[in-house]
Amino acid sequence: MIRAGARPLSSPGLWHSVWILLRMRLLLTWSNFRRAKPYQKIFQVIFLLFIVAVATGGFVFSQMLIRYLLSLTATTEIDLTRLFNALPGLVLALAFFFNLLTNFGGLLQALYLSRDMDFLVAAPLPMRAVFLSKLILAILPGFGLFCLAALPMLFGLGSASTYHPLYYPLVVIVLTFVALGAAGLAGVLVMAVVRVIPPRRVAEVLGFVGAVLSILISQSGNLLGTFDLRGDRLTGAINQINSFSPAWSPFSWAGRGLVDIGSGAWLSGAGLTLLTILVTGALFALTLASAEQLYYTGWAGLRTASHKAKTRVKRVSRERIVRRGRPLLATPLRSIIAKDFLLLRRDLRNLSQLITPLIFGFVLVFSSLRSESSDQPLSTLSIQDLPVYTNIAFTLFVGWMLLFNLATTAVAREGKNYWLLNAAPLRPAHLLWAKFIVALLPTLAVSWLFAGITAALRSIDLLDLGYVLLVTGLSFAGLNGILLAFSVVGSNMDAQDPRKIGLRGGLGCLSMVASLVYLAIGLALFLGPPVLVELLKTGSLEMGRLIGIIIGLIFTLLSAVLPLLALRQRVAMIGQPKD
Amino acid sequence: MPTNNAALIEAVHLGKNYGQKVAVEDANFQVHAGEIFGFLGPNGAGKTTTLKMLVGLLKPSTGTARIAGFDIQSQPLQAKAVCGYVPDEPNLYAKLSGRELLRFVGDLYQLDPAQVVRRTDELLRLFELTSARDDMIESYSHGMQQKISLAAALLHDPSVLILDEPTVGLDPKSARLIKDILRQIAERGAAIMLSTHILEIAERMCDRIAIIHRGKLIAIGTLDELRSHGKGEISLEDIFLELTGGAEYAEISEVLK
């Protein structure tokens, strides 16, 4: 018989509990590695070696570059010493804001959306330990990535400037404390935000904003123009970089502390470094202290309020979409289309897929217009129709990005809800055509809008625009058939997050290669005849275009229909485990 | 028991292997019109796998499954049109409202739009979901999701109903409601097959019971038939434990002493 209270439990300490939770994660990681297939183990080891090689390469490159630039200071008027002295401060500021932003999403997921919370809260562990272990696990990937870029640079600076050996461990310590302080602040922000907005909604908004921001940042180079390292421009750039690390900024003090330690100014170095460690450590400690109450009450509040935060939907929206296709399409087909469009629209994370090609399209138009306005010729070939072909190529690129996302995830988006379609008397053809239409229509809308705007900016006439729309529309139809075939064969039906769903194993890579090969062949078939007519000056351009359209039409229609016809039988196997 | 001779659910030498592992082996049984057939077994015995094969969600490795005389593999559209299914986990489109989900299911079964509207309103009222009909399913509790899942299965008035643990996560009132609904559906001539862990439900509701253990059907029949083949056990719980692991149960008792 079990006797209640026979063995009184002593409350485990904070750090012991944190260690228990972290050890569990370590064991899981080790277990996953042990159970992995041999090729996966080899891949993981190679990846690890690659990371080490990148870090070492980064260090050597930084060291050489800084030495070279410092030698310039001696021979030219450009003084880079100020820039290099400001570098640690800049990196620390970047570390703080990078960790603050990236950890917000990571902590939201780890603290409020992970499924182990019931288990952890029920266990006799201090709440602070649960918070701390989740925080450490959440910040590790981002912090590791940041260190991979930052440490080689800072170590390279130390080596090139022959800093004192104490500089190196202090760089790691200060960087860690800054990251912990940022993570702590991110944790408090997360805990505050979820008291007002449901965590799932926050995650959706964050996913959308994150995707848009990352694309904008990745394309900012194209928008700002090339980086010219000459004369006054370099001095201007240095001043601009230095302005990011003003003297009043605490990150400048922290950076100056490290530089002072490196160059032997012990008193100021030790003072500033210690101050940094104390301030960031206090910030982190404050977070930990508040976590006990904030985290538990916030989390418990969610459990009781989760069903109150209801989102009411407009009653007419789905019916309106279903009614629209009534005369043309079968009821199940219409219904799946209506359902898919509603789900795409209602989950903000899906919108990032739509925004990506739009931003890329904008950057493409901007870059091409800028290059045209400069003196550089677009091509040495004298092809009269070049603006039309450029428009086709750009439109295909913009549409490809969207279609690739929509078509390869068409089946996987059903996820674990697929049983509902599978248990219904639904013809495979209806499912496939519904998915075909759901992937194609937004692609045509976005890419044709792009083509129209580009045509207007380049003064392309309406007949030529019609040609662009016809060629791109047919190309997308064929591409859609091929990509949907991949979706039928290799969808991972377990993923829930729209940003993570996709194809299994190497099929994602294979589908990308197949789509690019298809586009290259399609372009050659559509544009080959008119380009040849122009180059060889044999016959009219219209005749060349007509021949291209006929050949391209056959190719694209076959590509659209044949893969789906061939895979109709495979629809019944979607989501089936292997025997 | 209002049964007649029409077998609406048939499993003939039904089997499923995952590699070397045998999940279900040579299952043979029939469920007739008007009958409630309980499917019992310990965790991992093969209950869900069997039900999924009957509905067409899993392809059998051996044998055939027929719904209303239609082979679920070779005539899936005809078989699925007369069958309703409630899975053990109600995975439903989280961003649809309850009403939208039911309309969507009605369209999948190609029901008349007016009939869909009428049935949707009826079922939402029956399951006390009217006030939540326009809320997104992601805001529903587990019990509400279970109920909307059952409503979706009943929307097209199926003559075969297959339910995997239908009362899990339901409050006593909702569980009672579902039991009453199932009995009424069976009385109207439908065949109902349900898996459950709650032996009291099986004992009170089911006309016949099958017990599956380690992928094999080890007993099938009415409660009286199961009692007559046993060693004098009275309750279904005793019969179940005797057939599926009485020794293990004894060990547990030892540990708890």
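1. Two strands pair if DSSP finds at least two bridges between them. Strands here are DSSP runs of E with at least two residues, while helices are runs of H or I with at least four, both numbered from the N terminus. In S8(B), Ile162(B) has Met193(B) as its bridge partner. S7(B) and S8(B) run parallel and are joined by five bridges.

2. A word on the source. This is a predicted model, in which local features need pLDDT of at least 70, side-chain atom pairs count only at pLDDT 80 or more, and totals for chains, interfaces and linings use all residues. Residues are numbered from 1 along each chain as its sequence is written, and chains are lettered from A and ligands numbered from 1 in the order in which they are written.

3. Start with chain B as a whole. It has 10 helices and 10 strands. Its radius of gyration is 19 Å, close to the 18 Å that the globule rule gives for 257 residues, so chain B is as compact as a globular protein of that length. The radius is taken over C-alpha atoms, and the rule is 2.2 Å times the number of residues to the power 0.38. Along the principal axes, the C-alpha atoms of chain B fill a box of roughly 55 × 45 × 40 Å.

4. Next, burial and contacts. A residue is buried if 20 or more other C-beta atoms lie within 10 Å of its own, exposed if 12 or fewer, and partly exposed in between, with C-beta atoms placed from the backbone. Buried residues make up 50% of the 257 residues in chain B. Two residues are in contact if their C-beta atoms, placed from the backbone, lie within 7 Å. Among contacts in chain B between residues at least 6 apart in sequence, 70% join residues at least 24 apart.

5. Now the sheet. Six strands of chain B form an open sheet with mixed pairing, in the order S6-S7-S8-S3-S9-S10. The edge strands, S6 (83-86) and S10 (216-221) of chain B, each pair on one side only. From one strand to the next, the twist averages 15 degrees.

6. Look at S8(B). Which residues of S8(B) are buried on each side? Ala191(B), Met193(B) and Ser195(B) are buried on one side, and Ile192(B) and Leu194(B) on the other. In a regular strand the side chains alternate between the two faces of the sheet. Strand S3 (residues 36-40) of chain B pairs with S8 (residues 191-195) of chain B in the parallel sense, over four bridges. Phe37(B) has Met193(B) as its bridge partner in S8(B), and Gly38(B) has Leu194(B).

7. Then the cores. A nonpolar core is a set of buried Ala, Val, Leu, Ile, Met, Phe, Trp, Tyr and Cys residues joined through C-beta atoms within 7 Å. The largest has 141 residues, and Val160(B) and Ile192(B) have the most contacts inside it. Helix H17 (residues 462-490) of chain A gives the most to this core, with 13 residues. Residues up to four places away in sequence aside, Ile192(B) touches Ile36(B), Phe37(B), Leu161(B), Leu182(B), Ile185(B) and Ala186(B). A second, separate core has 58 residues, including Val18(A) and Phe155(A).

8. Two helices lie across strands of chain B. Axes are lines fitted to C-alpha atoms, for helices over the stretch in contact, and angles run from 0 to 180 degrees between N-to-C directions. Helix H5 (residues 142-154) of chain B lies across S6 and S7 (160-164) of chain B, at about 170 degrees to S6(B). Helix H9 (residues 236-244) of chain B lies across S3, S9 (208-213) and S10 of chain B, at about 30 degrees to S9(B).

9. Stay with H9(B). Leu236(B), Ile239(B) and Phe240(B) are buried in this helix. They cover an arc of only 100 degrees around the axis, which puts them on the same side of H9(B). That arc is of the directions from the helix axis to the C-beta atoms. The cover over the buried residues of H9(B) includes S3 and S9 of chain B. Just after H9(B), Gly245(B) takes a positive phi of about 155 degrees.

10. Check the antiparallel pairs too. S1 (residues 7-18) and S4 (residues 62-67) of chain B run antiparallel and are joined by five bridges. Gly15(B) stands opposite Thr62(B) in S4(B). S4(B) also runs antiparallel to S5 (residues 70-71) of chain B, with two bridges. Two residues lie between the strands in that hairpin, where Ala68(B) takes a positive phi near 50 degrees.
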